[in-house]
Amino acid sequence: MAFGASGGAIGVIVLTLGAIVLDGAVPVSLVMSQRELFAAHPEQRARLNGLFMAVFFVGGALGASIGVWAFETQGWLGVTVAGAAGPAAALTLHLISTARLSTTIVGGTSK
């Protein structure tokens, strides 16, 4: 998406392809997250879905606000860096939690 700032036909094509991928990834992320949540606690689906959608909405609003701020202060590069920071932080936390789980001792042996 950072190449979208370069302008010209290449910039527009890359920006369009990035928007299409992003537009497809958001619903996939939503459905996969709900699937995991409902599988963990099937008896509380309605309550969890309400809470999940509220957090999803607040996250989207916060992301849009950060995106506007990044564009106003840093331009398009700031938007792409800000947009990549959230998933990078999530991936880092996931890798840390996975590493901790693999070293947890269960029943006298490591997992």
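## Ground rules

The model is predicted, so local features need pLDDT of at least 70 and side-chain atom pairs count only at pLDDT 80 or more, while totals for chains, interfaces and linings use all residues. Residues are numbered from 1 along each chain as its sequence is written, and side-chain values use heavy atoms, with hydrogens and water left out.

## The chain as a whole

Let us start with the overall layout. The chain has three helices and two strands, arranged along the sequence as α-α-α-β-β. Here helices (H or I, at least four residues) and strands (E, at least two) are DSSP runs, numbered from the N terminus.

Of the 111 residues in the chain, 11% are buried; buried means under 20% relative accessible area, exposed over 50%, and partly exposed in between, with a 1.4 Å probe and protein chains only. Among contacts (heavy atoms within 4.5 Å) between residues at least 6 apart in sequence, 24% join residues at least 24 apart.

Helix 1 covers residues 8-40. Its 33 residues reach 48 Å from first C-alpha to last, close to the 48 Å expected at 1.5 Å a residue; the expected span is 1.5 Å times one less than the number of residues. Gly-11, Gly-18, Leu-30, Gln-34 and Phe-38 are the buried residues of this helix, and what covers them includes helix 2.

Gln-34 is worth a visit in your viewer. This residue of helix 1 has a relative accessible area of 16%, so it counts as buried. Setting aside neighbours within four places in sequence, Gln-34 is in contact with Asn-49, Phe-52 and Met-53.

## Helix 1 against helix 2

Helix 1 and helix 2 pack at about 145 degrees, with their axes 11 Å apart. Axes are lines fitted to C-alpha atoms, for helices over the stretch in contact, and angles run from 0 to 180 degrees between N-to-C directions. The crossing is right-handed; a crossing is left-handed if the near helix is turned anticlockwise from the far one by less than a right angle, and right-handed if clockwise.

Helix 1 brings Val-26, Leu-30, Ser-33, Gln-34, Leu-37 and Phe-38 to this contact, and helix 2 brings Arg-45, Leu-48, Asn-49, Phe-52, Met-53 and Phe-56. By class there are eight nonpolar, three polar and one charged. Ala, Val, Leu, Ile, Met, Phe, Trp, Tyr, Cys and Pro count as nonpolar, Asp, Glu, Lys and Arg as charged, and the others, Gly among them, as polar.

Helix 2 has 30 residues and reaches 41 Å between its first and last C-alpha atoms, close to the 44 Å expected at 1.5 Å a residue. Leu-48, Phe-52 and Ala-70 are buried in this helix, under cover that includes helix 1 and helix 3. Gly-75 follows helix 2, with a positive phi near 80 degrees.

## Helix 3 and its packing

Helix 3 spans residues 76-102 and packs on helix 2 (residues 45-74) at about 145 degrees, with axes 6 Å apart. This crossing is right-handed. From helix 2 come Ile-66, Gly-67, Ala-70, Phe-71 and Gln-74, and from helix 3 come Trp-76, Leu-77, Gly-78, Val-79 and Ala-82. The contact has seven nonpolar, three polar and no charged residues.

The 27 residues of helix 3 should span 39 Å at 1.5 Å a residue, and its end C-alpha atoms are 39 Å apart, which agrees. Gly-78, Val-79 and Thr-80 are buried in helix 3, where the buried residues pack against helix 2.
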